[in-house]
Amino acid sequence: MPDRSNVIYRSDGSFDGLLCCVFESFARRELPAAILTGGEEQCSLLPVREIPTDPQKAARVRASIPGRLGAATGRLIESAFLYGGEGRELAILELMRAGYRLGPRVASMLDLPEVQTVFSMRRAVENEAHHLTGFVRFSEIRGALVSVIAPRHFVLPLLAEHFCGRFCEERLLLYDRTHRAALFYQPYAAQIREMESFDPAAPDQEELRFRRMWEDYFHATAIGTRANPACQMGHMPKRFWAHLTEMQRQPDFRLSPEKTFLK
């Protein structure tokens, strides 16, 4: 691996843009100090090199992944790209450089720092997607099942497979407020599109009745004498509460032991 260069790359934030950064890293025989995306602010005095997204260069890198890096590494890269924290692009670039050097076995070399970092990113993405398969609350509005989430990571592609398979005969709209994108589904076609904003229509009386029944069930299953707010937040992280139907009527729910559902 070359020494880290005194230069910062900037891409458009797309997956093709990342692949172009990988291409330029090899072509210039340099490892950037960081990779900025879109309008991300520079916090360094190092020069910034703009890396334009070139479909031909991206296609060359993409075509090399199955043979040079292996299918497992390819899936790891795709999952890690959904990560919503900092350092995603540079971590994937470093993993790919290691993969081109070591071959497909790199995906199983968990002792390598490059692999550990990307594995941690994938784990964070998959954990959040797993949480949301249980925490998404749909409301029936104008003949469709509608919900809003605010995840840290871009988990809509992972949630699409779960919910479109589970509600295959329904119409769905799942809006990601963090990433301003939405999953649209109607039997049997799904797509994820950018969506700047979305405010669900007000629920009708029938929907409000079902919400109240769910809240009543939620509270009725509580055993007040065995209340454990810390355990409750461990199983139902508080950052999800804003979009949970059963937590809307009592904002300080965890302070009411008689309404704690965990046994």
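This is a short chat about a few local features of a predicted model.

Q: What should I know about the model before looking at residues?
A: It is a predicted model, where local features need pLDDT of at least 70, side-chain atom pairs count only at pLDDT 80 or more, and totals for chains, interfaces and linings use all residues. Residues are numbered from 1 along each chain as its sequence is written, and side-chain values use heavy atoms, with hydrogens and water left out.

Q: Which residues does a cis peptide bond join?
A: Pro 187 and Tyr 188, with omega at about -15°.

Q: And where is Tyr 188?
A: Tyr 188 is in the loop between strand 7 (181–186) and strand 8 (189–194). Helices (H or I, at least four residues) and strands (E, at least two) are DSSP runs, numbered from the N terminus.

Q: New topic: what is the phi of Arg 29?
A: Near 55°, which is positive in a residue other than glycine. Arg 29 sits in the loop between helix 1 (15–27) and strand 2 (34–37).

Q: Is Arg 29 buried or exposed?
A: Exposed, because its relative accessibility is 72%. Buried means under 20% relative accessible area, exposed over 50%, and partly exposed in between (1.4 Å probe, protein chains only).

Q: What about the phi of Arg 142?
A: Arg 142 has a positive phi near 55° and is not glycine either. Its place is the loop between strand 4 (139–141) and strand 5 (144–149), and Arg 142 is exposed at 75% relative accessible area.

Q: Where is Glu 140?
A: Glu 140 is in strand 4. At 48% relative accessibility, Glu 140 counts as partly exposed.
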